Amino acid sequence: MSALLQLVLRTGRGWRAGAPAAACLQLATSAGTRPRRAMAQYHTEERGQPCSHNYRLFFKNETGHYISPFHDIPLKVNSKEENGVPTKKAQTDENENLFNMIVEIPRWTNAKMEIATEEPLNPIKQYVKDGKLRYVANIFPYKGYIWNYGTLPQTWEDPHQKDKSTNCCGDNDPIDVCEIGSKIASCGEVIQVKILGILALIDEGETDWKLIAINVNDPEASKFHDIDDVKKFKPGYLEATLNWFRLYKVPDGKPENRFAFNGEFKNKAFALEVVKSTHQCWKALLMKKCNGGTINCTNVQISDSPFRCTQEEARSLVESVSSSLNKESNNEEQVWHFLDK
């Protein structure tokens with residue numbers, strides 16, 4: 001295990017555009033302020049200073065043991081699990097469409113926070129490019145991210161496997177989620193969502209699926225069952241979502257993004273098949289049945305995985321990460337971009 005403990009945490013890659021300092025993060029340093037059934041199972045622990053290169057947000061389960069949010073948090077909610085894989089189907093369609101979502105970026109904020117897929121136990125960190133922290137630009141009329149943005153655990157878009165519907169390989173990350181509920185979540189919060197549809201972004205030749213979902217504890221969640229309900233009850237939101245993803249890299253000097261299916265949002269049934277496929281890719285990854293490249297598969301709870309470590313080893317990995325505070329300011333000046341239509 002000594003080799004594992006000597007792993008050096010690498011800095012992530014990404015792009016940055018101007019963003020406000022005050023919108024850096026809304027971090028959940030423990031269970032968060034909003035009591036939810038799912039959140040009680042998971043807690044977070046900060047190491048380092050928010051809005052700095054050394055910041056990491058680690059996850060713990062309800063017993064206080066460190067875990068990987070990428071690998072150890074189940075994909076499905078309230079399902080009987082064996083080796084992280086559901087073995088008993090839910091009894092109703094509504095329960096079948098109930099997933100854990102890890103919130104990485106709260107709505108209206110700009111700091112590009114993501115699960116560190118290449119680091120042991122996969123903490124959340126802020127991505128860096130060219131030595132600078134990565135932020136997403138404000139593009140009028142949008143302020144930062146226009147949803148609670150995050151990912152589904154135990155999913156992986158395989159960069160070596162071509163998607164049959166987009167004819168492009170995956171982007172080497174867990175599948176992304178845009179949560180459209182009315183409340184602002186916290187970074188590191190684990191919420192229960194139901195999937196409503198999906199958008200196929202093609203990012204530099206890679207398939208980068210964007211799930212549309214809603215927190216099941218949202219006051220209006222009972223109204224939403226499929227993608228058409230978003231059009232009905234939140235008019236303009238899907239159009240804004242498409243436009244946001246089309247333009248968000250333009251202020252950094254990059255071309256507009258493109259989409260499969262001419263930017264059409266696919267329905268819940270289609271989305272659930274994509275989730276199922278990315279979950280199968282993740283299972284192959286954790287069982288070393290495919291080439292994971294630089295993805296770090298260290299986990300605590302997947303019993304048959306060759307990458308499983310003990311609770312003591314997990315604690316040592318976390319303690320090897322610096323917890324010192326960085327007194328230097330990494331604040332970004334507020335910048336707004338007005339782009340030609």
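A: Let's begin with strands: two strands pair if DSSP finds at least two bridges between them. Helices (H or I, at least four residues) and strands (E, at least two) are DSSP runs, numbered from the N terminus. This is a predicted model, where local features need pLDDT of at least 70, side-chain atom pairs count only at pLDDT 80 or more, and totals for chains, interfaces and linings use all residues. Residues are numbered from 1 along each chain as its sequence is written, and side-chain values use heavy atoms, leaving out hydrogens and water.

Q: In which sense do strand β1 and β2 pair, and over how many bridges?
A: Strand β1 (residues 42–47) pairs with β2 in the antiparallel sense, over 6 bridges. For example, Tyr 42 has Asn 61 in β2 as its bridge partner.

Q: What do β2 and β3 form?
A: They form a hairpin with 4 residues between them. Their pairing is antiparallel, over 2 bridges, and Lys 60 has Tyr 66 in β3 as a bridge partner. In the turn, Gly 64 has a positive phi of about 90°.

Q: Why is strand β2 described as largely enclosed by the rest of the structure?
A: Buried means under 20% relative accessible area, exposed means over 50%, and partly exposed is in between (1.4 Å probe, protein chains only). In strand β2 (residues 56–61), 5 of the 6 residues are buried, so the strand is largely enclosed by the rest of the structure.

Q: How many salt bridges does the structure hold?
A: A salt bridge is a side-chain nitrogen of Lys or Arg within 4 Å of a carboxyl oxygen of Asp or Glu. The structure holds 15 of them. One joins the side chains of Lys 125 and Glu 119 at 3.0 Å, N to O. Lys 125 is buried at 3%, and Glu 119 is buried at 1% relative accessible area.

Q: Which parts of the chain does the pair of Asp 203 and Lys 249 link?
A: The side chains of Asp 203 and Lys 249 meet in a salt bridge (2.9 Å, N to O). This pair links distant parts of the chain, 46 residues apart: Asp 203 is in strand β14 (residues 190–203), and Lys 249 is in the loop between α4 (237–247) and β16 (258–259).

Q: How many disulfides does a search of the whole structure find?
A: A disulfide is a covalent bond between the sulfur atoms of two cysteines. The cut-off is a pair of cysteine sulfur atoms within 2.5 Å. Here the search finds 0.
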